[in-house]
Amino acid sequence: MASIPPPRILTRRRLLVHGTAVGAGLAFVPSAWGRLITQDATVGPGFFADGVASGEPAANAVTFWSRLTTERAVSGARLVVATDEGLTNTVATTVVPTRRAIDGSLKARVGGLKPDTLYYYAWQSSDGVSPIGRTKTAKPADSAAGLRMAFSSCQDFPVGFFNGHTEAATLGPLDLYLLLGDYQYEYENTETRSDAFPTVDLKSFRDRHKIYRADKALRELHRVQPVVHIWDDHEVEDNYTENNPRPSDLQRAAGYRVSFEWMPRMQFPREQFRIYNRWQHGRMADVIMLDQRQYRTGDLDGQPRQLVGRAQLDFLKARLKASPSTWKLVANQVMIAPLLVGVGGVGQEVNQDQWDGYDSERNELLDFIAAEQISNVVFLTGDIHTYMSNEVPQRPGAAGTYKSVATEYIGGSITSSGLPLPAESVNAANPWIKTFNGADHGYAQIDLSAAEAVVTYRVSDIQQEAAPSRTLSRWRQPVNTNTPVLDAGTRAFRSGPESPADSASESAPNAALRRRRRRWERFARRDVERREREGAAPRRRRRGKGGR
Ligand SMILES: [Fe+2]
């Protein structure tokens, strides 16, 4: 598909003419967000140094975002939405208020739009205009048309270049781009590119987001594709929970608040930081977004207790059961298929930070999917920096027997370092894991039709800016099956000198990541030694995934 030309700056006069062509009234400031800002907005001076973004596409509405850089404590900017790149066929204009309390961020939910339609938009101050963005509304509720989406996670800025975003921005208009967590990393790291400070409070989180959004690839992705975002741990702090381990209240509130400031995302009226939600894309797909950090709890020893919580689990089950769509996509932070490490065909769960640590919730969910015979449930997962295509087994038996009740696709990471485990041994201990690659980086594309879901993993050299992407592997899942099938002509595993264990260790870009890798390698080695000493009785490890 064709890409659109680079952004063109309109003159202020031209935008003013267009801005007055249609009255405001089709847009509103997202609920609750409005409490932070005045509603008596006027357009003030300033510029749009952080680009533009859109998200949460519905069949008739989109959330628009930008940020006004201004000296004024209270100000506003005009949003113009049109059906053409020149912004001549204007369909909505509105003046959106902002103020210092929300760091100049601008958000508006514009309704009254046509389904499955491309829109172009720009923001205007009294002396500047933003780049022109592009977005797309969702297909109408009764549409049986196919969908193209893409997803990624874990963009550690100092580690490498966001080449996956560079390509995803050129794919042509996607129906949706899903950002599955670790949009930013909270620790300081200055090796390849610089994050020279930790994020602990409002100022540092805001400064970090400015650095990330100055990245050309991420900025372009936001400019041309509508997104939804779920946060994982690093939007606040590594491996945190609601209670134990618990970050400082200041750090947590700042992380959530700044994430809302920088994302094209509405707020729920009475749940200020709720992000779990669902978006319908015709009869083809329901996108159910989860939050596996905010409601997560541990016991007094820091052992896992609750991952999503009662209210969210009930929401998820209700949406899965009521969904009118063929494909039920669950946008999910952490891996739901078990990940066992071991020898002799007997494995041990190694990462209690993912669903493996929360058996009672996982069993309840997967038992429900099986009992209700809900078909085509597909988990799209971030967190683990590894490409995987998985069956999701319901209570797998000790002898390796299992029934798959869903599938899971994990699209590697944009840059963050993956797991140094050999693919073949992972597959031996986890027959439901059909591919495993922790060495490469990029994103995934998913094409949905009435007949099948097709997932394509794309990778590139992240040490080279704007390096081209290539296909790592492609997976086809026929409708009403719960098994990813490798597409002819692509490979499930890379092996030999290119194996993840070898190349990941060699390419570890900085000391902190090398340390984390060594921790995993030590654990895997000790595990093998212990098994040889004691036999294969499973024993659980304390929480922790090594700080990714
Ligand atoms: Fe991550």
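Which residues in helix 4 are buried? The close-ups below start there, and bear in mind that this is a predicted model.

**View 1. Helix 4, a mostly covered helix.** Helix 4 spans residues 216–224, and seven of its nine residues are buried. Here's the list: A217, L218, E220, L221, H222, R223 and V224. What does the covering of these buried residues include? Look for helix 2 (163–168) and helix 3 (202–213), along with strand 2 (52–55), strand 8 (133–136), strand 10 (176–179) and strand 11 (227–229).

**View 2. Strand 4 beside strand 7.** Zooming in on that sheet, strand 4 (residues 74–82) pairs with strand 7 (residues 118–124) in the antiparallel sense, over five bridges. To find your way, pick out V80: its bridge partner in strand 7 is A122.

**View 3. Strand 20 and two of its pairings.** Strand 20 (residues 386–394) is mostly covered, with eight of its nine residues buried. Nine bridges join strand 20 to strand 21 (residues 403–412), and the two run antiparallel. Strand 20 also pairs with strand 22 (residues 433–437), again antiparallel, over four bridges. S389 is a handy spot to look at: its bridge partner in strand 21 is Y409, while in strand 22 S389 stands opposite T435.

Conventions. Residues numbered from 1 in each chain as written. Predicted model: local features only at pLDDT ≥ 70, side-chain atom pairs only at ≥ 80, totals over all residues. Buried ≥ 20, exposed ≤ 12 C-beta atoms within 10 Å, placed from the backbone. Contact = placed C-beta atoms within 7 Å. Pairing = 2+ DSSP bridges.
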